[in-house]
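Subject: Structure for you, with notes

Hello,

Here is the structure I promised. My notes on cores and salt bridges follow below.

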Amino acid sequence: MGIQQLLRDLPLIALYAAAGAAVAGTGGALALAAVRRRSVAVSLTVLIAVTVGALLAGTLSVAWAMFLSAHDLAVVITVNVVGALAAIATALLLGRWFTGAHRALERSAQALGETGSYTAPTTPMPTELTSLAGQLAAADAKLTAARERERALERSRRELVAWISHDLRSPLAGLRAMAEALEDGIAADPDRYHRLIRGEVERLSDMVGDLFELSRIQAGSLALSPTRISAYDLISDAIAGADPLARQRGVLLADRGVEPVPMEVDGKEMSRVLANLLVNAIRHTPPDGTVAVAAARRADSVVLSVTDGCGGIPPEDLPRVFDTGWRGTDARTPPAGAGLGLAIVRGIVEAHEGRTGVRNVPGGCRFEVTLPAAGNPVEVRPAG
């Protein structure tokens, strides 16, 4: 009989309990809204208080409806109060731990902004703050890399200005001296002076052209017009153009396997890439030496390589070979140029979504240009 009565009263008990819990929940929602800008410890305490308050409100509602005796009501309230105190103490400890972890992470982030260095907190943190700490560490690594690139660029700019100033001062002084000799009529061979002046002017013109090309690349205004072309034809034309300089210096240009693989490139710009690589190789190869050119397909790429007989590049200098203004040791310093040729090579190749590389080989070094093969779509973008 008691069980049947309980079953009949359960819906009504649930209704009274829900009404009391709803009142407590509404008050708790307002309290949470009021403290939403406060510490998470305060929010956790309010949340525990709302939970216990909902239980108490439901219990009191059921007792008011005379479903509980005074004794049972006192027991339930006592249990709820004790449980509430334990839960609130636990919430405060949890909030204090979370707040301490947050403050440690905040100090690390502040140090990153002020000193530029980030040290991850050693305080145990919840998963969310640990993830945030990981993101800050990744941001610090990216900032460090960006600062290194900026320092490298600044170093390259200083070197470029120094070399350009040096390369301009010498020919300009020579031009001035020859012009004064011609003007004063003391030149023993005026025709020879005229030829020398023309040669110096052409050298200065080439230097200005390189500077203009490099500025276009760095400004992102290098527009490409890709067409389908064979690597064999591209290299053949480049070898023919560099042959007079090779003959003058006693260097042999050799074909070390050029496959007729197709490429989608700007023929004019890629001809300049190969010309710069060949001129660089010829200038640093001793007489009776050999400059070898090759082209082969590797997977979805075409690799063009130029191997010289320079004797090799110091390993510590290899990462800087394609930097603007870099010349390296005196043995690799060209007699005319400001260290722009290889920087232009890298800019043009990267504009073709390719990459450049250099490594030492027995007797010299090998420059490689890797480009997408013609069968693969190439997203042509401005360099810079």
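Is R228 buried or exposed? R228 is exposed, with a relative accessible area of 55%. The cut-offs are these: buried is under 20% relative accessible area, exposed is over 50%, and partly exposed is in between (1.4 Å probe, protein chains only).

Before the rest, some ground rules. This is a predicted model, where local features need pLDDT of at least 70 and side-chain atom pairs count only at pLDDT 80 or more, while totals for chains, interfaces and linings use all residues. Residues are numbered from 1 along each chain as its sequence is written, and side-chain values use heavy atoms, with hydrogens and water left out.

Salt bridges

Searching the whole structure gives eight salt bridges. The term means a side-chain nitrogen of Lys or Arg within 4 Å of a carboxyl oxygen of Asp or Glu.

R228 is in one of them. Its side chain meets that of E264, at 3.8 Å from N to O. The pair links distant parts of the chain, 36 residues apart: R228 is in strand β1 (residues 227–230) and E264 is in strand β3 (residues 262–265). Helices (H or I, at least four residues) and strands (E, at least two) are DSSP runs, numbered from the N terminus. E264 is partly exposed, at 26% relative accessibility.

There is also a network. R298, R359 and E368 are joined by salt bridges that share partners.

Two further pairs sit within helices:

- R151 bridges to E148, with the closest N and O atoms 2.4 Å apart. Both are in helix α4 (residues 127–184), three residues apart, about one turn of the helix. R151 is partly exposed at 43% relative accessibility. E148 is partly exposed too, at 44%.
- R198 bridges to E202, with the closest N and O atoms 3.5 Å apart. Both are in helix α5 (residues 190–219), four residues apart, about one turn of the helix. R198 counts as exposed, at 59% relative accessibility. E202 counts as partly exposed, at 42%.

Nonpolar cores

A nonpolar core is a set of buried Ala, Val, Leu, Ile, Met, Phe, Trp, Tyr and Cys residues joined through side-chain atoms within 4.5 Å. The largest one has 50 residues. Within it, M270, L304 and F367 touch the most other members.

Best wishes
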